[in-house]
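The following exercises are to be worked through with the model at hand. Each task is followed by a solution in steps.

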Number of protein chains: 2
Amino acid sequence: MVAKQNTQQKILDAAQSLFAETGFNDTSLRQITSLAEVNLAAVNYHFGSKKELIQAVLQRYLRVLMARLDQEFNNLLAAQQPNNLTQVLAVFVKPLLELNSVNNNGTRIFLQLLGRGYTDVQGHLRWFINYHYGRVLDKFVLLVQQSCPQLPASELFWRLHFSLGTIVFTMASNEALAEIAEADFSEEVDIEGVIQRLLPYLAAGIAAPVFTCLQPAAQLRSGT
Amino acid sequence: MVAKQNTQQKILDAAQSLFAETGFNDTSLRQITSLAEVNLAAVNYHFGSKKELIQAVLQRYLRVLMARLDQEFNNLLAAQQPNNLTQVLAVFVKPLLELNSVNNNGTRIFLQLLGRGYTDVQGHLRWFINYHYGRVLDKFVLLVQQSCPQLPASELFWRLHFSLGTIVFTMASNEALAEIAEADFSEEVDIEGVIQRLLPYLAAGIAAPVFTCLQPAAQLRSGT
DNA sequence: GTACATTTCAAACACCTGTTTAAATTTGTG
DNA sequence: CACAAATTTAAACAGGTGTTTGAAATGTAC
């Protein structure tokens, strides 16, 4: 019984690191099992398939994170008056940082995994997350909607996805960016620093005035 | 001589569509050559390797786009007073839409390819673009810097990369997003519409006030 | 029309992928 | 201890990958 737990855990630990670094598609089961020092067949024995392993790796974090987020969202929703957008976004910070208790560097790894998840395997994980945690995320959308009542629903949809892109891309290429930042500005950057830098950017973008552009589209296409 | 150009073109056309749809890593040379109706070995004969094919596919667009952007940047730099940030960003719209003259749906395909390029093969294409067009892009950074003199250089660095993430992610998952938008808000979305929606979001995010967050980081980590 | 260079083609190469099998081993339990 | 269930193991599987080869076909120039 101990051995089983041990093997599963070793696989999960090895898998999450490699997945975060190299992406899901570009990490082979042989790399994982060799780093975990277990037999190749162990993955299929314990998890069924690579796809299910990927989901198991994410579940370890999603279960904890989403439960915490749900609490926070409920608290904010209980407030009588709409919340400030920055406050709504800031609600993510604490639960995300608490993922460090799930695992060493849990926050960084989870966010990188999330990034990989949305860029590597477009359909499969998007569906998985939405299926299991769609209701929690709907509360978030509602909160943002309340804090930006002037925004049309379709505009909000796009801007929330723009924001998802910002987060996901930043986290997927987090290491590369941190290296450049250190080299060019000699500033140490941890995951917490990145999150703190992200918030004002996202808040301003989401709440930006809806603007009909300087040059209307039709004019651009026809040229001069 | 006509046959050679024809084969190369057929390969490039087939490759760009498949790359944009499925990503670079998940598109095989056999898929490409079969869609292009040429022999499998043709790719290696004409381009050398898959890696060089990827670069050739991007070059077709980058060459045109970067030349146009360079003009626009030079024009703006020649102005005596700093330009408005939105104006600086809007400079991308026209050159991007002109890529439709390189190829049918050129703009959409190029932006999707760019998205794939930054998420699929992290290192290799990032280097390629920066090596060939770093000087052009430096002018852009300078323009943004002039239009946002209050922003520290390191903050600008992060925000420009956040913006790159927004663009790249949006374009990589453009089709999925457009489908949802159509289903939920019954609004037709073309690539031009997405660009127009992006601009105010990006401009607001980049120019956001530098904000020390509501809850300081140290307090968060220690908990209560 | 012969000679040369370019381009196409089918086949094979060596390697990697996720998954399965069946035997060997370890483990928990009566 | 002995029996049975759970786990580990090495080996093979079927299929896919990018790349290379050498002969066949095509085009070009004298």
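**Exercise 1. Determine what share of the contacts in chain A with a separation of 6 or more joins residues 24 or more positions apart.**

Solution. Step 1: two residues are in contact if their C-beta atoms, placed from the backbone, lie within 7 Å. Step 2: of the contacts in chain A with a separation of 6 or more, 71% are between residues 24 or more positions apart. Step 3: the model is a predicted one, in which local features need pLDDT of at least 70 and side-chain atom pairs count only at pLDDT 80 or more, while totals for chains, interfaces and linings use all residues. Residues are numbered from 1 along each chain as its sequence is written, and chains are lettered from A and ligands numbered from 1 in the order in which they are written.

**Exercise 2. Describe the secondary structure of chain A and state what percentage of its residues is buried.**

Solution. Step 1: helices (H or I, at least four residues) and strands (E, at least two) are DSSP runs, numbered from the N terminus. Step 2: chain A has twelve helices and zero strands. Step 3: along the principal axes, its C-alpha atoms fill a box of roughly 65 × 50 × 35 Å. Step 4: a residue is buried if 20 or more other C-beta atoms, placed from the backbone, lie within 10 Å of its own, exposed if 12 or fewer, and partly exposed in between. Of the 224 residues in chain A, 37% are buried.

**Exercise 3. Characterise the packing of α4(A) and α7(A).**

Solution. Step 1: axes are lines fitted to C-alpha atoms, for helices over the stretch in contact, and angles run from 0 to 180 degrees between N-to-C directions. Step 2: helix α4 (residues 50-78) and helix α7 (residues 106-119) of chain A have axes 10 Å apart, at an angle of about 125°. Step 3: α4(A) is therefore oblique to α7(A); angles under 35 degrees count as roughly parallel, over 145 as roughly antiparallel, 65 to 115 as roughly perpendicular and the rest as oblique. Step 4: Val57(A), Leu58(A) and Tyr61(A) of α4(A) meet Gly106(A), Phe110(A), Leu113(A) and Gly117(A) of α7(A). Step 5: these residues comprise five nonpolar, two polar and no charged, where Ala, Val, Leu, Ile, Met, Phe, Trp, Tyr, Cys and Pro count as nonpolar, Asp, Glu, Lys and Arg as charged, and the others, Gly among them, as polar.

**Exercise 4. Locate Glu37(A) and Asn105(A), and decide whether each is buried, partly exposed or exposed.**

Solution. Step 1: most residues other than glycine have a negative phi. Step 2: Glu37(A) has a positive phi, near 60°, and lies in the loop between α2 (29-36) and α3 (42-47) of chain A. Its 10 C-beta neighbours inside 10 Å make Glu37(A) exposed. Step 3: Asn105(A) also has a positive phi, of about 60°, and is found in the loop between α6 (93-97) and α7 of chain A. With 15 C-beta neighbours inside 10 Å, Asn105(A) is partly exposed.
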